[in-house]
Amino acid sequence: MAVIGGGVVGTAVAFHLAALGKDVCLLERGDVASGASGSCDGYLFLLSKVPGPHLQLARESLRLHQELAASEGGSSLEFRQDGGMLVARSEEAWDGLKGLVQRQREYGIPVELLERDEALSRQPALSPRIRGAAFSTFNGQVNPVRLAHYLARQAEGMGARIMVRSEVLGVEHSPGTGYRLLLTGGRFLRARVLVNAAGAWADPVARLTGFRLPVIPRRGQVAVTEAVDPLLNTPMLEAGYLAVKFSAPGQSRSPGGVPPAARPAGIAFGVEQTAAGNLLIGSSREEAGFDRRTNPAVIGSILRNALEFLPSLNGLKIIRTYAGLRPRTPDGLPLLGPLPGRPDYFTAVGHEGDGVTLAPVTGRLLAEWIVFGEPSLAFPEFAPERFGGFGRA
Ligand SMILES: Cc1cc2nc3c(=O)[nH]c(=O)nc-3n(C[C@H](O)[C@H](O)[C@H](O)COP(=O)(O)OP(=O)(O)OC[C@H]3O[C@@H](n4cnc5c(N)ncnc54)[C@H](O)[C@@H]3O)c2cc1C
């Protein structure tokens, strides 16, 4: 079996396949975590998931994150479950947040609704000009680069081959013998089953087999401060984050019920503090093709917006910026499972801004699907065929 893509998702699939005793080879054209998984944040948020299957999937994944963190060597993942906050600045966002909290509770997620003073007592660095916040202990954070490397190492320890600097350049398929992959350096690899876990590059990788996948890159930019003493008690996102995540150009959709703030470049505030003390301040949502450069104008807007929520950022040094490409599908939800009519071609792509959170459950379900013919939890909502055919490339 071959998994294409060495981000959090591909390494999680390889890890679970190896754990089920399968002969698996992971192919990554750069290094492990050289795609979005190395240029993102590490929120494991349930508060930012759409109540319904998306939230259920994330809940199961958070449980698997806890298991990984508790396993031998898992402390290196910098996993913490200190909870998380969604912060509302306007009355309108606050009203929407109340609705979202209600729906989250219906799915069994414990969420507190905090009036301004309570929110400030939990998170003293917040601006006193906020309206209120939602807080839930069912949120955490992890170091995504460490997570991907850990899963790859563990998979290797169980017999998987992790082939970095191995780009898949061509794919031949025959129903009798399976796949023959052409790799950089003129090497070839044979595989009976192929898993496309190429993140934002899912469509170019699918085209090698003659199919199209409805996944496009969505750039997110982040600014990193110098390391400082603990400033945050929990990571935070602004309440309108969900609406920004699920809106597309020319379309305003707010599955969470909180309206988006009208800002350029799809900016929504988020901040977390890493184990080393750096603050990661984000982020944007831009359709800029495969361009992974940052842009001073967008970074400036991200920082101005962040100051409205967290005035104590003023005076901190920004030591670097980065941008990553989220894999976005038309409905913002992943494509998980075999392609119709191609039971030997699986997709584990399209996680948009949730891939770090959803990687463990994606890996487990995909591995079960491949090995047992069906996953232990069925999520038809994420079937790749929900957008119709796949069009020949
Ligand atoms: C700014 C930002 C912040 C984010 N914050 C969070 C967050 O807080 N929490 C969260 O859950 N998610 C977050 N995300 C989303 C998360 O980063 C992604 O959903 C996740 O990393 C996707 O993982 P992946 O393995 O699918 O893709 P990737 O990590 O992009 O991996 C795909 C890999 O495929 C490789 N590849 C492509 N083509 C080929 C080929 N032909 N041959 C071999 N290899 C190939 C690439 O080199 C790449 O390494 C954020 C994203 C961004 C950009």
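Okay, let's start with Arg63, which sits in helix H2, residues 53–70; helices here are DSSP runs of H or I with at least four residues, strands are E runs of at least two, and both are numbered from the N terminus. Quick housekeeping: this is a predicted model, so to speak of local features we need pLDDT of at least 70, side-chain atom pairs count only at pLDDT 80 or more, and totals for chains, interfaces and linings use all residues. Residues are numbered from 1 along each chain as its sequence is written.

Back to Arg63: buried or exposed? Exposed, because it has 11 other C-beta atoms within 10 Å (exposed is 12 or fewer, buried 20 or more, partly exposed in between, with C-beta atoms placed from the backbone).

S10, residues 178–183, pairs with S11 over five bridges, and Leu181 has Leu189 in S11 as its bridge partner.

Finally, the ligand. It has 42 residues around it, and the closest are Gly7, Gly35, Gly199, Gly220 and Gly355; near means a C-beta atom, placed from the backbone, within 6 Å. Helix H1 (8–19), strands S13 (216–227) and S17 (318–328), and helix H9 (355–372) each supply at least two shell residues.

Conventions
Two strands pair if DSSP finds at least two bridges between them.
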